[in-house]
Amino acid sequence: MPKSVEHISDEFKAEIYKHLPSVLSQACELFDDPKEKDIILLGSLAVISGCLPNICGVYDRRTVYPHLFAFIEAPAGSGKGILQWTRKLAEEIHRELRSISKHDKKEYEVKLREWFAAQKKKGKSPDKEPPAEPMDQMLLIPANNSASSFVQSLVENNGQGILFCTEADTLANSLSQDWGNYSDVLRCSFHHEPISLQRRAKREYLELEQPKVSVLLTGTKGQLFKLIPDTENGLFSRFAFYSFPAVPKFRDVFEDTEHKAENVFTELGRKIYDYRNRLLTQRYTIELQLSKTDKEYFKDFFKRAMSELYKEIGEQGLATVKRFGLILFRMAMVLSTLRILDKNIPIERKMTIDHNDFVMANEIVLCLMGHAVKLIAGCKEGSNRIIQQKRLMKLYDALPENFTRSEAIKTAEKCNIPTATCDRYLISGIFKKAGHGIYSKSIVKKNDTVIT
């Protein structure tokens, strides 16, 4: 395990739970086990992120929205099934959209019958188009879907949806089929990049300008690596992972005889429904931004994270660290939006993210970085690449700022690194070729700091 994350706890800090917005606080209070609290918090953030319209922010010169991708990895029977309750946070909205769709479908069928009857009565070709088929509205999109059906669902719902699946292999099986491989759609959706797809059957062209998708998946390590085999798969770096082992402990299955969890989450789902309606009444999109102080801390934190993790896990961790910046910003957006709605704070076109919400998001992401690094090591060739990176950095540290190839080879011999490997390291990107056989370092290693 890289030294820079050795000190990071596997669990979120207990202090976080004292300052959560009320919706999240009530959800987490139902659980005593720290890991159960953590996965309920992460799962709730992911689901709620897909329920907040009219919220945006500017990140890396782009407009971004709160939508999160989260994956809870644990062995079978470890207790991750409690995440089913977080689905209820979106069910009230989903239920209303389905009800509207059913009503519109019935009206459409009536109008279509009337249209056909009118054409038969006239006994001639139609003099006008048949009624348009209504949109199939939903919020919770099934994972067992074809690529075209998934895109169609997004098109009919203004590009928005939540992919919620408690068995990751359901999604993995879909993505492994030619007809169901919408991995690229998910990758584009994470950054709200345009999506286009043409269906052969009707030669129909589907296009999405700004998809906004939230994803919550749970599964075992085997299911995870079936879905995302290694870090070179772009999906890996887009997810916030939380991983925990099975504990030989039997749960009191008769403890909640009054359906307390179900009742609480159902009620919280109604509150999220009300929050969504309040946001929809706004005549403009609310832009959330960090304070100047928080922006400075944010930049410093990720500079250190990038530097330290690159030294220890190499290129395979760079995309993960970079996207954790966006994940942190999105989490802070969700937390601050909930707090604004909780406290009935007057909504303005531009609002500053509460400092405490930024701090909480930062603490959560710090913990999730540790989980991500463990999974990187568990990926195919992950550990070998970490070992290779340590050897590379050992050579890097032993060399002066400027050196020749012959000096590098001599130093490599002292580090038990073969000449061929040394030559490969010299073109790895962290050295610059200053002339024929002359090199210099690209990065400067300072004190052995750790991410805090």
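## Ground rules

Residues are numbered from 1 along each chain as its sequence is written. Because this is a predicted model, local features need pLDDT of at least 70 and side-chain atom pairs count only at pLDDT 80 or more, while totals for chains, interfaces and linings use all residues; side-chain values use heavy atoms, leaving out hydrogens and water.

Helices (H or I, at least four residues) and strands (E, at least two) are DSSP runs, numbered from the N terminus.

## Helix α3

Let's begin with helix α3, which covers residues 34-49. The expected span of a helix is 1.5 Å times one less than its number of residues. For the 16 residues of α3 this gives 22 Å, and the end C-alpha atoms are 22 Å apart, so the two agree.

Of these 16 residues, 15 are buried (under 20% relative accessible area, with exposed meaning over 50% and partly exposed in between, for a 1.4 Å probe and protein chains only). At the start of α3, a side-chain oxygen of Asp33 comes within 3.0 Å of the backbone nitrogen of Lys35.

## Strand β1 and its partners

Two strands pair if DSSP finds at least two bridges between them. Strand β1 (residues 55-59) runs parallel to β10 (residues 286-289), joined by three bridges, and Cys56 stands opposite Glu287 in β10.

β1 also pairs with β2 (residues 62-64), here in the antiparallel sense and over three bridges. Tyr59 faces Arg62 across this pair. Two residues lie between the strands of the hairpin, where Asp60 takes a positive phi near 55 degrees.

## The parallel sheet

Five strands make an open sheet in the order β4-β5-β8-β3-β9, with parallel pairing. β4 (140-141) and β9 (240-243) are at the edges with a single partner strand each, so one side of each has no neighbour in the sheet.

Four bridges link β3 (residues 69-73) to β9, with Glu73 opposite Ser243. Helix α3 packs on this sheet, touching β3, β5 (160-165), β8 (212-219) and β9, and its direction makes about 155 degrees with that of β8. Contact means heavy atoms within 4.5 Å; axes are lines fitted to C-alpha atoms, for helices over the stretch in contact, and angles run from 0 to 180 degrees between N-to-C directions.

## The antiparallel sheet

Another open sheet has three strands in the order β12-β14-β13, paired antiparallel. Its edge strands are β12 (402-404) and β13 (431-435). Neighbouring strands are turned by 35 degrees against each other on average, direction ignored.

β13 and β14 (residues 438-441) share four bridges, and Phe431 stands opposite Lys441. Helix α14 (residues 405-414) packs on the sheet, touching β12 and β14, at about 90 degrees to the direction of β12.

Notes. Polar contact = N/O pair within 3.5 Å; in protein donor to acceptor, adjacent residues only side chain to side chain.
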